[in-house]
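Hi,

Here is the structure I promised to pass on. Have a look at it first, then read my notes below.

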Amino acid sequence: MISRNSKDGRKLRVAEAFSGIGAQHMGLYTSDKPPCPGENGRSKIPYEIVATADIDKRSNAAYNAIFDGIGGYNPSKNIGDVTVHEFPEMDCLCYSFPCQGLSKANTTKKKGLIRKDSHSSVLWSLKEQIERLRPEWLIMENVDQIHNKNYGPDSQVWINTLESLGYTSKWKDLRISDFGVPQDRVRCFMLSHLGADCPDLPDGTYPAPPLSTILEGGYIEEYEVSKSFRKKMMYGG
C-alpha cells in the first residue's frame, strides 16, 4: 500500500461517510489557515475528496453549495446510502455517524451502537468497506456520550473490531472552545491507523471566550425556533 500524505507531496484521497455539510472537508480545506489571528499559518494538506456519502437532501444541498469544485469534489461523488453503495479506493475515511442512539439531547432513541433498531448502528455498515479497502487512516467524530458507562462497552466492541482488522486507535474528548471557536461543546474524536503506531490527538491551545460574552444581551422572541421544530429538524419528528 502506498501512503499518500503531506509528507510525500501527493494528494491524500479522502472519503467522508455520513458527510453532512462537510465538517471534515472544511478542516482539510482550511488546513493552512492560522489557528488564531496573529498566529503563523500551517502547511497545506494536499487532498482530494474521492467520495462522500449522505442521504439527507438538505445536508447534500449545503455540501454542494459550499464545496462544489473544491478539493476535486462534485455532486456526482456522493454515493448516497453507505449500506447499499461502495466507496472507491481511498487513503483516509472520515465518519461522523448518526448520534441519535447516543445523544443525551434525544432521550427517546438511546439504543447505543449495537442494536439493529438504533440509528447509530449504521456505523457497522462501514466494517466490510474498511476491510475491503483498508485505508491507512480512519477519523471518527461523535458525541462524548459514546464512551460513557452506558455506551462505552458498545464503543469498545467497535475499537476491538478495528483492531482485528489491523488498526491501532486513540481517542480523546476535545472541547471546541480550546481550538479558538467560541462554543463550549465537547466532541469525541478517534484516530485509527493501519499498523501498530498511531499518533496522539492534539490538545487545544487557543481558548476562546464563551459566545455569551460576545453576543448582545436579549433576543427577539418571534425569531426564536421552538423546541418542537428543532426536534423535527434534527431527528425527523
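**What I found**

A search of the whole structure turns up ten salt bridges. Before I go through some of them, keep in mind that this is a predicted model.

**The overall layout**

The chain has 237 residues, and buried ones make up 38% of them. Its secondary structure comes to five helices and six strands.

Side chains of opposite charge can pair when their charged atoms come close.

Start with E141 and R187, which form a salt bridge with their closest N and O atoms 3.5 Å apart. This pair links distant parts of the chain, since E141 sits in strand β4 (residues 137–143) and R187 in strand β6 (residues 186–194), 46 residues apart. Is E141 buried or exposed? E141 has a relative accessible area of 18%, so it counts as buried, the cut-off being under 20%.

Next, look at D184 and R175, whose side chains meet in a salt bridge at 2.6 Å, N to O. D184 has a relative accessibility of 59%, so it counts as exposed. R175 comes out at 35%, so this residue counts as partly exposed.

The side chains of D56 and R58 also meet in a salt bridge, at 3.7 Å from N to O. D56 has a relative accessible area of 27%, which means that it is partly exposed.

**Two helices side by side**

Now turn to helix α3 (residues 126–133) and helix α4 (residues 152–164). They pack at an angle of about 20 degrees, and their axes are 11 Å apart. That angle is under 35 degrees, so α3 is roughly parallel to α4. The crossing of α3 past α4 is right-handed.

Which residues meet there? From α3 there are L126, K127 and I130, and from α4 there are W158, T161 and L162. Sorted by type, the residues of this contact of α3 with α4 are four nonpolar, one polar and one charged.

**Two residues with positive phi**

F18 has a phi near 55 degrees, which is a positive value in a residue other than glycine. You'll find F18 in the loop between β1 (12–17) and α1 (23–29). With a relative accessible area of 14%, F18 is buried.

R134 also isn't glycine and has a positive phi, near 50 degrees. Where is R134? R134 lies in the loop between α3 and β4. At 34% relative accessibility, R134 counts as partly exposed.

I49 belongs to strand β2 (residues 47–53). Its relative accessibility is 0%, so I49 counts as buried. Leaving aside residues up to four places away in sequence, I49 touches V14, E16, H25, Y63, G71, G72, Y73 and K77. One of these, G71, is 22 residues from I49 in sequence, and the two C-alpha atoms are 5.8 Å apart in space.

What about I55: buried or exposed? I55 has a relative accessible area of 65%, over the 50% cut-off, so it counts as exposed. I55 lies in the loop between β2 and α2 (57–67). Again leaving aside residues up to four places away in sequence, I55 touches N60, G80 and D81. The C-alpha atoms of I55 and D81 are separated by 5.9 Å, although the residues are 26 apart along the chain.

**Where to start**

If you want a place to begin, pick out E141 and R187 and follow the chain from strand β4 to strand β6. Then find α3 and α4 and look along them to see the roughly parallel arrangement.

Notes. Residues are numbered from 1 along each chain as its sequence is written. This is a predicted model: local features need pLDDT of at least 70, side-chain atom pairs count only at pLDDT 80 or more; totals for chains, interfaces and linings use all residues. Side-chain values use heavy atoms; hydrogens and water are left out. Axes are lines fitted to C-alpha atoms, for helices over the stretch in contact, and angles run from 0 to 180 degrees between N-to-C directions. Helices (H or I, at least four residues) and strands (E, at least two) are DSSP runs, numbered from the N terminus. Angles under 35 degrees count as roughly parallel, over 145 as roughly antiparallel, 65 to 115 as roughly perpendicular and the rest as oblique. A crossing is left-handed if the near helix is turned anticlockwise from the far one by less than a right angle, and right-handed if clockwise. Contact means heavy atoms within 4.5 Å. Ala, Val, Leu, Ile, Met, Phe, Trp, Tyr, Cys and Pro count as nonpolar, Asp, Glu, Lys and Arg as charged, and the others, Gly among them, as polar. A salt bridge is a side-chain nitrogen of Lys or Arg within 4 Å of a carboxyl oxygen of Asp or Glu. Buried means under 20% relative accessible area, exposed over 50%, partly exposed in between (1.4 Å probe, protein chains only).
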